[in-house]
Amino acid sequence: MMNYELRNMNWDNKRDKLIVLSLFFALFSFFSFSQVTTKVDTTKIRIGEQINYKIEVEADSSSLVVFPEGQTFMPLESVEALEVDTTKKDSKLKLSKIYKLTQFDSGSYTIPRQKVLIDDKSFYTDSLKVDVNTIAVDTTKQKLYDIKPLIDVEKSSSNWWQWLLGVLLAVAIVAFLLWWFIWRKKPLTEEEEIALLPPYDRAKLALKKLDESQYLIRSEVKEYYSELTLVVRKYLDEKVYDKSLESTTDQLITRLQLLKEGNQFPFSKETIHNIETILKRADLVKFAKSAPDYALIEMDRATIEKEVDNVKACLPEPTEEEKLLDQQYKEAQERKKKRKKVILTVAISLFLIIATYVGFGLKYGFGYVNDTIVGHESKELLEGEWVESAYGFPPVYIETPKVLMRVQDSLPDELKDKFERTIFAFGSEQQNISIGIITTKTKDAQYQQEEGNIEENVSQSIEQILGEWESKNVQNIVTKGEQYITPNAVEGVKTFGTGDFPIKGTDKTLKGEYAIFSFATKETIIHVTLIWAQEDDYAQEIIDRIIDSMELKSDEQASAEQEE
C-alpha cells in the first residue's frame, strides 16, 4: 500500500514537471514566434510604373530585425525604400517596410526571394512574378515628333589662355629689351655728334671749346698748347697726311714741303712757316717749360684758326668717284652695324632659349620638356580636362581622361534573353591606353548566382576575357591575381600582368600591362579593364589616377544613400 502511494506520488511529481515544462516551452515558443509575409499592390504594370512591395514582420519586441537593403530585387530596380513602420500588437511588434520597384523593359520578371534577418536567423519571402506591359499608343490621336537634335555642350574653360598669356608676355619683354638696348636709335652723345661733323667743322668747334676752357685762367699753358696743336694735327691727319698725329714737328713739316713741291697741295710758304713756328713753340712749352706771354698765346690761337682756313682752301673738291666711294663706305658701315645687331640679337635669343630649356629640364626633367615641345598623346590626356561619370548599373563611378563611349554588344542571340550586357570603352589613337567597363546582369532569377558559385563564375568570366584577347592575337600573356578593395571599401578581385598587344593596322606588337578589376553580386558581374603601354610613364600616371578614382556602391552604401 505504501509502495503504491509512493508510486502515485512519484507519478504526480513527474506529471507536474511535465506540465511545467510544457508551459515553459509553450511560453518560449509564444515569445520567440516570428512571421514574415509579403504583399504587393499589383503584379501587372506598364513600363516605368511602380509597384509597392511590402514586407511585414511580426516578432518579439526584443528581436533585432534587418530588412533587405540595396538592389536585391533585380531584375526590378529599387527606386525608393521607405522607413520601417512599427505597430504594437499585444506583446509583439509588427514591422513593415515598403519598397517602390519599377522596370523599363517589357516582359515577365520574377522578384527573387528576399532575406530578412531576425536576430541571428534568416527568413525568406516567396518569389513573385510581375508582368511589365508596353504602353499602347494610338498614333491617330497621339502626335509623333522627330527626335530632338544633339545639343552641343560647351566645355568648361581651361587655363590654357593663362599659359598663352604668360608666353606672350615673356616674348614681349625679351623683344622690348632687345629693341631698347640693340635696335633702338639711341640719342647721340656730344662726342658722337662731334665725331659725325666734317673735319673742318670739328676743328673750328674744338677751337671754340678751347676758348671756353679754363687753361689760361689757371695758367695751364702746357695743356693749352697741347690742345691747340692737336686741333691742327687732327685736321691735317684727316685731310692731308694720315700720319700727322704720330709724326714729330720736323717730320710733319718735311711732309708738307714734299706735298707742296709735288703739287699735291698748293700750300703757301707762309702757311707752312706759321704751322712750323707754332708747333715748335708748343714743343718748347711742353718740353722746355717755356712760358710765352698771353699776347703771343692769343696770336698763336688766331694763327692756327687762320691756317686751318687756308688749308681748307687749298684742298681740292672731291670728285664724283670719291663721293661715291665715300657713300659706299658709309653704307658698308651701316650694313656692318646692322649685321652686328642681327648677330647679337640671334645670340641673345639662342642663349635665352637654351637657358630656358636647361632650366625647365633641370626642374621637370628633359624628357618632360621634350614631350611638351614636340607633343605626346598620353601627356596631353594626363594634363587635359578629365571627366568623372558613372557607367552601367549598378553604376561604376570612375574618372577618365575622356568620356567612355557605349560599344555595341556582341552577346550571342541565345543568351540575350537570359543576360543583359553593357560595354563602355575608350582607346587612345596610339593605343597607349585602353579603358573598358563591362557589366553583365541576369534577366531571370533562375540564372542568379548562388553564394558559393560567385567566385567561380567571376574566374570563368575573367578567363573568357583573356581567351578573347588571345583570339585577337594578344601574345605572351602573364597573369597574376589578388584581392582588391576600392577606396570606398567594396571588395573585388584584381587580375593583372603583361602581354604583347597587336598594334592596329600593323604587324607589330606593343609591350603592355593590363589590370582587370572584377566585382560581383548574385545578379551582376562587373569588369573594369585597363591596358597601357609598359614604357609610357604618362600612361602609368593616368592608370594610377583612374584606379584611385574607381568606386562602386555596396548594397549597404546604396541603401544608406536612399535613406538620406
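**Rings, charges and contacts in a predicted model**

Reader: Is Tyr-53 buried or exposed?
Author: The structure above is a predicted model, so what follows describes a computed arrangement of atoms. A residue is called buried when its relative accessible area is under 20%. Tyr-53 has a relative accessibility of 1%, and it therefore counts as buried.

Reader: Which kind of pair do the rings of Tyr-53 and Phe-73 make?
Author: There are 12 aromatic pairs in the count for this model. In the pair made by Tyr-53 and Phe-73, the ring centres are 5.4 Å apart and the planes stand at 70°. Planes over 60 degrees apart fall into one named class, and so the pair of Tyr-53 and Phe-73 is edge-to-face.

Reader: How many residues apart in sequence are the parts that Tyr-53 and Phe-73 tie together?
Author: Phe-73 is buried as well, because its relative accessibility is 0%. Tyr-53 belongs to strand β3 (residues 50-60), whereas Phe-73 sits in the loop between β4 (65-66) and β5 (77-81). The pair therefore ties together parts of the chain whose separation in sequence is 20 residues.

Reader: What is the distance between the closest N and O atoms of Arg-301 and Asp-211?
Author: Side chains of opposite charge can pair when their charged atoms come close. The count of salt bridges in this model comes to 16. Arg-301 and Asp-211 form a salt bridge, and between their closest N and O atoms the distance is 2.7 Å.

Reader: How many residues apart are Arg-301 and Asp-211, which link distant parts of the chain?
Author: At 13% relative accessibility Arg-301 is buried, while Asp-211, with a relative accessible area of 45%, is partly exposed. The salt bridge between Arg-301 and Asp-211 has its closest N and O atoms 2.7 Å apart. Arg-301 is in helix α8 (residues 294-314) and Asp-211 in helix α4 (residues 199-212), so that this link spans distant parts of the chain, at a separation of 90 residues.

Reader: In which helix do Lys-280 and Glu-276 both lie?
Author: Lys-280 and Glu-276 form a salt bridge whose closest N and O atoms are 2.9 Å apart. Both residues count as partly exposed, Lys-280 at 37% relative accessibility and Glu-276 at 22%. They are four residues apart, about one turn of the helix, and the helix that holds both is α7.

Reader: Is Lys-379 buried or exposed?
Author: Lys-379 and Glu-383 meet through their side chains in a salt bridge of 2.9 Å, N to O. Both belong to helix α11 (residues 377-383), where being four residues apart separates them by about one helical turn. Glu-383 is partly exposed, at a relative accessible area of 44%, whereas Lys-379, at 6%, is buried.

Reader: Which residues do salt bridges that share partners join into one network?
Author: Lys-379, with its relative accessible area of 6%, is buried. Elsewhere, salt bridges with shared partners build one network, and the residues joined in this way are Lys-204, Asp-211, Arg-301, Glu-305 and Asp-309.

Reader: Which helix holds Arg-339?
Author: On the surface, Arg-339 gathers with Arg-335, Lys-336 and Lys-340 in a patch of positive charge. Arg-339 is partly exposed, its relative accessible area being 49%. The helix in which Arg-339 lies covers residues 320-364 and is α9.

Reader: How far apart in space are Lys-418 and Thr-442, C-alpha to C-alpha?
Author: Lys-418 is in the loop between α12 (413-416) and β15 (419-427), and with a relative accessible area of 29% it is partly exposed. Lys-418 and Thr-442 are 24 residues apart in sequence, while in space their C-alpha to C-alpha separation is 6.0 Å.

Note on methods: Residues are numbered from 1 along each chain as its sequence is written. This is a predicted model: local features need pLDDT of at least 70, side-chain atom pairs count only at pLDDT 80 or more; totals for chains, interfaces and linings use all residues. Side-chain values use heavy atoms; hydrogens and water are left out. Patches are made of residues with over 30% relative accessible area and no salt bridge: like charges are joined within 9 Å, nonpolar side chains (Val, Leu, Ile, Met, Phe, Trp, Tyr) within 5 Å. Accessible areas come from the Shrake-Rupley method with a 1.4 Å probe; for residues, only the protein chains shown count as cover. A salt bridge is a side-chain nitrogen of Lys or Arg within 4 Å of a carboxyl oxygen of Asp or Glu. Lys and Arg count as positive and Asp and Glu as negative; His and the chain ends are not counted. The place of a charge is taken as NZ of Lys, CZ of Arg, CG of Asp or CD of Glu. Helices (H or I, at least four residues) and strands (E, at least two) are DSSP runs, numbered from the N terminus. Buried means under 20% relative accessible area, exposed over 50%, partly exposed in between (1.4 Å probe, protein chains only). Rings of Phe, Tyr and Trp (its six-membered ring) pair if their centres lie within 6.5 Å; planes under 30 degrees apart count as stacked, over 60 as edge-to-face and the rest as tilted.
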